[in-house]
Amino acid sequence: MADHSSHDPLAGIPFDRVPPSGDYGAGGAAGVSVATTDTPFIALVVARNGFAASVAGRLGRAFGVEVSDRASAAIGAASTVVGTGPGRFLVLSKIEPDLAGTLRALLGNEAAITEQDDAFVTFDLAGDKVPDLLAKGALIDLDPRVFLPGHAATTVIAHSGVTLWRVHESGWRLLVARSLEASFTRFLVASGAEFGLRLENGTAGRG
Amino acid sequence: MRYSFLSLLANGLSGQSRWTPAWRDAAPKPAYDVIIVGGGGHGLATAYYLAKVHGIRNVAVLEKGVIGSGNAGRNTTIIRSNYLLPGNEPFYEWSMKLWEGLEQELNYNAMVSQRGILNLFHSDAQRDAYARRGNAMRLAGVDSALLDKARVKAMYPFLDFDNARFPIQGGLLQARAGTARHDAVVWGYARAADRLGVDIVQNCEVTGFLREGEAIVGVETTRGPVRAGKVAVAVAGSSSRVAGMAGLRLPIESHVLQAFVSEGLKPMVDGVITFGAGHFYISQSDKGGLVFGGDIDGYNSYAQRGNLPVIEDVCEGGMALMPRIGRLRLLRHWGGIMDMSMDGSPIIDRTPVPGLFLNAGWCYGGFKATPASGWCFAHLLAKGEPHETAGAFRLDRFRTGHLIDEKGVGAQPNLH
Amino acid sequence: MRIPCPYCGERDAHEFAYLGDATLTRPDPAAAEAEQAFHDYVYLRDNPAGAHEEWWYHANGCRQWLRVARDTRTHAIAAATAARVSGEPA
Amino acid sequence: MSAPNRNRLTSGGLIDRAKPLGFSFDGTSYQGYEGDTLASALLANGVRLVGRSFKYHRPRGIVAAGAEEPNALVELRSGARREPNSRATVTELYDGLEATSQNRWPSLAVDALSLNRFLQPFLGAGFYYKTFMWPAAFWEKVYEPIIRRAAGLGRAADEADPDHYEKATAFCDVLVIGAGPAGLMAALTAARSGARVILADEDFLPGGGLNAEAGDVGRKPAPAFAAEVVAELMSLPNVRVMTRTSVFGVYDGGTYGALERVSDHLPEPVPFQPRQRLWRIVARRAVLAAGATERPIVFGGNDRPGVMLAGAVGTYVQRHAALPGHKIALFANNDGAWRAMLAAHTAGAPVETIIDVRAEVAADLAQAARAEGIRVLTGAQVIATAGKTLTGLTVATASGTERIAADTLAVSGGWSPALHLTCHHGGKPRWDEGLAAFVPGACPPGLSVAGAAKGIFGLGACLKDGAAVGAEAAQALGFSVPALDVPEVADAPFALTPFWHVEGSKGAAFVDLQNDVTAKDIGIAHKEGFRSVELLKRYTTLGMATDQGRTSNVTGLAIMASLTGASIPETGTTIFRPPYTPVSMGALAGHHRAKDFRPVRLTPTHEWARAQGAVFIETGAWLRAQYFPRTGEKDWLETVSREVTAVRASVGLIDVSTFGKIDLQGADVGAFLDRVYINGFAALAVGKARYGVMLREDGMVMDDGTTARLAPEHYVMTTTTANAAKVFQHLEFCLQVLWPELDVALSSVSEQWAQIALAGPRARDVLARVADGDVSNAALPFMGAIEGSVMGGVKARLFRLSFSGELGYEIAVPARFGAALAQALMQAGEEFGITPYGIEALGVMRIEKGHVSGNELSGQTTAGDLGFGRMASTKKDYIGRTLAARPGLTDPDRPAFVGFKPVDPSRRLRAGAHFLKLGAAPTMANDQGYMTSVAYSPHLRHWIGLGLIKRGPERLGERVRAYDPVRGEEIEVEICAPGFIDPEGVRLRG
């Protein structure tokens, strides 16, 4: 991994390229680690009028998690259901190759399903300093005593739309529009450098 | 007292003891030929031109606070006539012409300073839009020049030409544009109108209208009723409220626009610059403060203050355009209430209520219009018909579809 | 300014887009005088100094159109409710 | 180096004598200690002249010890880090600090513009409004440049700021602003209740007035007490103590702006740290405990270096062990100043004389002073001063005048609560007769005030009040607050006799030291009628300087009040606007500057295009391939023409992923589309796409695009790149607000799908090699839309659309396959010479074909203007239909959409040119319309244009002038139909 420890962590990195994997910023143990991946299977479920509760219930039963029509992340072993708006759920799966098809079969006429496998880049953030880093872009309360595992939000971070949730005690997951990957990674690097930031760019080389 | 080198000299030698009030602090008389509601720049200019051009001197300007304490004292002092549409351009150019002779006319130095306005463009489409505008200005006999990047760089070498997210490609320059000392404009008109016999009545709030049948024949005020042949309203951010007292709903929303000034600095920005890839414009006052602003906050407001997102947006634009200003400090910010019309252009017209005339809808462009607004409103009041340069500013244009929408954003005031 | 989004919780206003007066109703285009009614709907506003009902769109959040009760003199927000209640057939 | 620290006490103070710090002022090196400010270090080194005033360039010294400082403004650092107008009094000393005096030439000691003092009699308030008008042309050329050069203060850096800035947001239950006695107690009380507390203080050393307090608190020295409380607060997990942080503004919804000076106490930021950080603090409740600001008494010669605020003298002595001088006198109207001066004397400051305007002072004070050998003059006034820096005073007493030697005059006219933040929502302070001061009026919601900031001027009372207000704030939020054991401090009674201005004193008497506003200027304003506070400020510039009149506003009001005979509150109140102290532009911008000003959006084929040699261009948030130059091509026009020719001759491809893509599902989608588009969609067959135009409700065109029906209840809409978000928001408004009964579910799929347009006569041949299924004309006819797969199983949507006028397809694949699709198409098209093209060529071809685009969709055009009149359905209502029928929008004279070609084919066309009839004068009245888009057509080998001209479609064949004076061009053009190539559409249907 490259070591990007000049004074400006983004020095020499073109703004229209995803910063490469490596250690950025302050030396020593990384205060934040960032791993980007293409989550394999994502679908957006939009309940049709009147079916939000029913859709939540069916999703919960199908994936073995507690799903409610709220801004929260129901995290299961293989699947996660995240509320992004009333009757709107992002479903993420590690194992369902035809997630949209499965959901269509499950929900029938109760919801509109769209494939979103490729719409997002997934940023997995870990480390004690994650809330401090995100506070440099987000205007929501991410204090770990307030924003608990399973809490989710769709919001703006550094002028970019983001859906994020806290996966566990020190793990946070962010979905960012695919076209914004380079730009958003720059924000993370610039803002996380003071803590030391390790970037593992799992999307590099694609495209 | 006429102001001159001699008057300054005499007062200097006498320990500044001979100055007299710049205008009388008048009490309202029972009746006037014309009452102007609102002692801002537009109201005072209207009074002045009524007296000066039309010989109508039995005029009162009623101001709820002290004159010039609304938007006239709360703007970024820019004067320009770089408009696109035929409904607007001749009017603003008439204003520019009046600015150019204002100080001698009023015997008051309003520091009209024609140091130019440069609108930057950052894309071909923006360049074409500015070319369209620059050509429209030429058709109206107004100066305009389309500068390429090299000429912009020669004027303002410190702009970010190398590392900008939206590189500067050039700019549209109106060299005759510039700034004026906003408070001095108010005081100059007040003093000149006063000398022609106009009563300037401060701390006199209009609380209602006197009516005879349908017609309005005067106003109720906190200092008693005052009758008038005609009542002319020029109250900017309060337009809807005052019109509401006459039972009118207007095509206007009141929005907050913030403005900013930095600490004083040695000269660094000569003219006015506007950023084309964000919401930011800037000039530097004679005192040295950078005077700058951006977009309106975007929601209805009468609070005269805004919020951080717009402040940050403006400063992001400033840093993107002029990265040398990072260590300069914002000294003060404030908000004014803009009467945002539904197509972004003003209204100077009679109203459906007999006896009531309206000057409103200036959005955030009222200051530069001050002289022509006064001139044209006075013309309408005196002659009963619109001045030739203000013929498009009709109240019924929304009904007929003869809109004057410079930005093409439609009936959404927060986007103008 | 912070808007209490019924779905997302309290959010800074910069996440929202503003549209203005929420007391207006789109007229019946088939009615007589429809053009007059549309003129009033599209252009005329009460523009009160005080209590104001207004539309805000949570563009960078749950994408709901919210009806927000706000005081235009103080910016104090009394309530925000969804234009269309989730889960309820209209 | 001069004698180091000759004015430094050998013991005491909160400086670390073991940590000397070197610094320079105007090129001379000095030494201070850790714990110094620049001002305290200068005083300790005997430096008294530090700046020149704004208007008269008079020599000025340090006046205060905090943010209220009007005089001691310097340029800090140098080069790209030069920071003008930095207050020496709040500048923390660091090793290597470099400071330079400003607003003087050639040097601080000898300033040419100090000659202004001879003109001072003529340069009274508002003088410039009364002159410089003749001759008119001289203003910009002569007078103004002189004024501008003389004005201003420091100089901005000439280069880009090299440091980083950040912004951050924090949330808390209780925000406490100010870590003085009241703030510390408020924070401690709230903290012990379990509330989330943020304590912010502008100083680097929390403690506020406790750090300059000579007495004990809780049986400990006051600074030690403060340190102990701070240590406890810092140990609590629910507390964040933010030093070097100024809360500068109160915004809506409990949002407070604050500036943290992360690195300003260092020569430069440590790697990866920002210089400063802007905080947005969202607090459910806040306690303002910002203390109070001392104000001076105005008298002739009161601006001489050596004249200081009494509290500042006390602070420098107690906290910094720095002596402002060796012969100190006090001029005051209150007991508090006596006590501060007696304490300073005890600490080692040679106080020799106390002059008090009051005839009677408390016996114990007078006694204590005399016991220390201090001379006491009561019923006395300072009427003049002497010396370049202060050497002596003239004092008037009942028995006459006398000269007194003094190098330092401590002045105190009383105290003004630092209530600035209470005004930020329009609250007006209230005059308190007893305190002779403004105290807070209505506060912003959730903000309460504690201690000296609300007019409580005793230390013991401040401690108690802080605890009470902190408790109240926490309780209001439902926290249960344990009782706090507040140390008892016995407060002496508050005793002050209001006194503002020594009338008849000799020499200029300055009210606003920074803006050089004198008592005489206020007299001018009075004579000329600028009497209300708003007019007074604007006319004289009183209180408009960088210190916002902290030490001058009330005095100015009082002087005006005495002239008018009105009371101070009748004359006006002092209102403060944010920010509390100036905030750097860099911090307000944070990360968002240069290339990170706004996020950049990259297409799925961005890296692929780069590898193909693309030149990229910013289009809104996107970066798109503009063209793909090849070696040997002399300019962009040659490149673009080659790309266009290649497409028209064979085949090319372009990434069009930037279009907005909206998925619509539900039983009512057809009906919904009928209401948002002017043309009909309900009858669109499955497997077909249709071009649609949508209007705003005011009748103007909003956007255009194609919508395809993939299944009976499933449609996909495309929008223009620029309007993607706007259209989505509009559709949501229609569904959620206007017609909530419709069964339509909207989802944005813009990011999911990469979309590549393939165009040219060989497009089908290429597609056939990549698609997995049948793409024959029968299987995929013009305007067909099918779902299938490409590249051996990659899910795809195939649309037969054409923007170029050629046989064309748009192929959508999941975004991760976008680049692979581009590569596959390139490979498949190799034998046909397939050519990647950019948005320039795309633009040329759409202009050749006569399609409207962004330049025509200006928001000022109707469907009729753009030639879509016949598309508009008359059988249904749709958004915008009613108002589009207004006379102004249906006027046949409106400029309408047509094509243009130059009469002389060698001439170039320019977008933005206006049209004039041949022979017509160039006037606005003769304006016929304008050119919207132009391109060089390699097909026709001349320039072509699109534009809007009055009654255009009726005038085909007519010649007009295209008038473009801003580019010095004017040519004759012929009006033609807007399709320059294959107007019958044979190619695209082939």
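A charge counts as sitting over a ring if NZ of Lys or CZ of Arg is within 6 Å of the ring centre and within 35 degrees of the ring normal. Keep that in mind for the first close-up; the model throughout is a predicted one.

**Figure 1. Charges over aromatic rings.** Lys595(D) puts its charged end over the ring of Phe15(A), at 4.6 Å from the ring's centre. Chain D has a case of its own: Arg690(D) lies over the face of Phe681(D), and here the distance to the ring centre is 5.9 Å.

**Figure 2. Helix α1 of chain A and its two sides.** This helix runs over residues 52-63, and its end C-alpha atoms are 16 Å apart, which agrees with the 16 Å that twelve residues should span at 1.5 Å a residue. Buried here are Ala52(A), Val55(A), Ala56(A), Leu59(A), Gly60(A) and Phe63(A). Those residues cover an arc of only 130 degrees around the axis, so they sit on the same side of α1(A).

**Figure 3. What packs on α1(A), and what follows it.** The cover over the buried residues of α1(A) includes strands β4 (41-47), β6 (79-85), β7 (88-93) and β8 (111-115), along with helix α2 (99-107), in chain A. After α1(A) comes Gly64(A), with a positive phi near 70 degrees.

**Figure 4. Where chain D meets chain C.** Chain D brings 29 residues to the contact and chain C brings 24. About 2,200 Å² is buried between the two chains, with carbon and sulfur atoms giving 57% of that area. On the chain D side, Asp252(D), Gln729(D) and Gln736(D) lose the most area to chain C, together 26% of what that side buries.

Notes. Residues numbered from 1 in each chain as written. Chains lettered and ligands numbered in written order. Predicted model: local features only at pLDDT ≥ 70, side-chain atom pairs only at ≥ 80, totals over all residues. Heavy atoms only, no water. Helix = DSSP H or I, 4+ residues; strand = E, 2+ residues; numbered from the N terminus. Expected span 1.5 Å × (residues − 1). Buried < 20%, exposed > 50% of the residue type's maximum accessible area, 1.4 Å probe, protein only. Arc of directions from axis to C-beta. Contact = heavy atoms within 4.5 Å. Buried area = accessible area lost by both parts, 1.4 Å probe.
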